[in-house]
Amino acid sequence: MRLSRYFMPILKENPKEAEIVSHRLMLRAGMIRQQSQGIYSWLPLGKRVLDKVNAIIRDEQNRAGAIELSMPTLQSAELWQESGRYDAYGKEMLRIKDRQDRPMLYGPTNEEMVTDIFRSSVKSYKDLPLNLYHIQLKFRDEIRPRFGTMRSREFMMKDAYSFDLTREAAEHSYNKMFAAYLRTFDRLGLRAIPMRADTGPIGGKLSHEFIILADTGESEVFCHKDFVGFDTPDERTDFDSVEGLQAIFDKWTSLYAATSEMHDEAAFNAVPEGDRLSARGIEVGHIFYFGTNYSEPMGAKVQGPDGKEHFVHMGSYGIGPTRLVPAIIEASHDDNGIIWPASVAPFDIVVINMKAGDQACDDTCELIYAALTKAGKDVLYDDTDDRAGTKFATADLIGVPVQIIAGPRAVANGEVEVKDRKTGARETMTIEAAINRFVA
Ligand code: ATP
Ligand code: MG
């Protein structure tokens, strides 16, 4: 991508409305734009990051055996009257009428809809287990939308829904998502700690919130500090192994960890004082097992091996991609801007032409840009005629992991500089060496 032909509206000034660093940096880097309170456009740079986050989420959902579909944002009120949540949900639900005056709503979540899909076609235990997910916009008319896309009214959610014949089978499905979440957050460069959580309006029996520790987090959390160093389940994790997944669940729930709603002061005080971590956190995911809370009122049942009809046991599993992007920034930035983990960086490499219009600089940059692009890298080429200082500031601000800098003096020697955004380390090397480092 040539910056001269891209759309990346950088702000020079610090936006006054932004209270936390991620919101400030997302606005300054031209990633998002607020359209009305709590409703955002994702501009091209932001969209690239969001897509990479979603790709990782999708990959881990698929690995755990979940199947992707897509459900609409608008739902009919009737479904929610069936489950009994239409009145209970309150003012967070955006209620709309269509031209025939039929009550509709913008979905805040999809338990009812997916249960309807399930009951319309699944009739036998032989079709279980089943886990269906989508990545779709949601709307919740939050009392206090704030911090940019961290708490917005329209936001994206990956929501998965599992269906099983028995409670034991449903617990295995829960453990699959539990392990998938640990892997997902790890690949996003985050350390998320599962904490016992309140089941809230979804209702349920078993629930964990996945929390990232951050000073700007809205939740107050308490946990054992050893969680920070726990190993994440690796690629060889067998999602069909009931014992294997139970062992992962047991290990990751073996120490104290709870949000303030579930906090047990006495249990926390039993943790040795030096091991206690009481901090603030950002909730990036939330999983629930809620048994037959929806299948019973909505009549979702299957025939069991005993020939009888059974209401299915369900769980739901949410991750907020549009909250994760700012959460990653909260965890990874410095005074100059964002520092993206490579897995979600909008570009892999930025090529900075310090003197656009200078033949040697132009030729060198074109050569590098073409070679790295051909090798499958996402390259941003800063070919604008801005001052070098401005280009450096922009590159640091948008947080691309590697900068390749071509200035007239180095280029005259057949060399460029390679800078690591995270460490700030700079290395001078031949043009060929710079290309080879990233092509190999
Ligand atoms: P919170 O407690 O932060 O209001 P919640 O418990 O209501 O969230 P869930 O219903 O558990 O949220 O939704 C699943 C995930 O969706 C959350 O873990 C979070 O990542 C994301 N999410 C929920 N509400 C918002 C929001 N207003 N803006 C952005 N992301 C959100
Ligand atoms: Mg929650």
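Biologist: Taking contact to mean heavy atoms within 4.5 Å, what do the buried residues of α14 pack against?

Modeller: Before that, note that this is a predicted model, where local features need pLDDT of at least 70, side-chain atom pairs count only at pLDDT 80 or more, and totals for chains, interfaces and linings use all residues. Numbering of residues starts from 1 along each chain as its sequence is written, chains are lettered from A and ligands numbered from 1 in the order in which they are written, and side-chain values use heavy atoms, leaving out hydrogens and water. As for α14, its buried residues pack against the strands β19 (349-353), β21 (402-406), β22 (415-420) and β23 (426-430), and against helix α11 (359-374). Helices (H or I, at least four residues) and strands (E, at least two) are DSSP runs numbered from the N terminus.

Biologist: Which residues of α14 are buried?

Modeller: In α14, which covers residues 431-439, I431, A434, I435 and F438 are buried, that is, under 20% relative accessible area, where exposed is over 50% and partly exposed in between (1.4 Å probe, protein chains only). Seen down the axis of α14, these buried residues fall within an arc of 95 degrees, so they line one face of the helix; the arc is taken over the directions from the helix axis to the C-beta atoms.

Biologist: Switching to the metal, what coordinates the magnesium ion?

Modeller: The magnesium ion, ligand 2, is coordinated by E283 through OE and by H286 through ND1, at 2.1 to 2.5 Å. Donors are N, O and S atoms within 2.8 Å of the metal (3.2 Å for Na, K and Ca), and sites may look incomplete, since water is not among the atoms.

Biologist: Now aromatics: how are F118 and F163 arranged?

Modeller: They form a stacked pair, 4.2 Å centre to centre with 10 degrees between the planes. Rings of Phe, Tyr and Trp (its six-membered ring) pair if their centres lie within 6.5 Å, with planes under 30 degrees apart counted as stacked, over 60 as edge-to-face and the rest as tilted. F118 lies in helix α5 (residues 111-121) and F163 in strand β8 (residues 154-164), so the pair ties together parts that are 45 residues apart in sequence. F118 and F163 are both buried.

Biologist: Which aromatic cluster contains Y317?

Modeller: Y317 forms one cluster with Y174, F178, Y181, F185, F210 and F249. Y317 sits in strand β16 (residues 313-319) and is buried, with a relative accessible area of 2%.

Biologist: Last one, the backbone: which residues does a cis peptide bond join?

Modeller: L128 and P129, with omega about 0 degrees; P129 lies in the loop between α5 and β7 (130-139). Elsewhere, F147 has a positive phi of about 60 degrees although it is not a glycine; F147 is in the loop between β7 and β8 and is buried, at 10% relative accessible area.

Key. Contact = heavy atoms within 4.5 Å.
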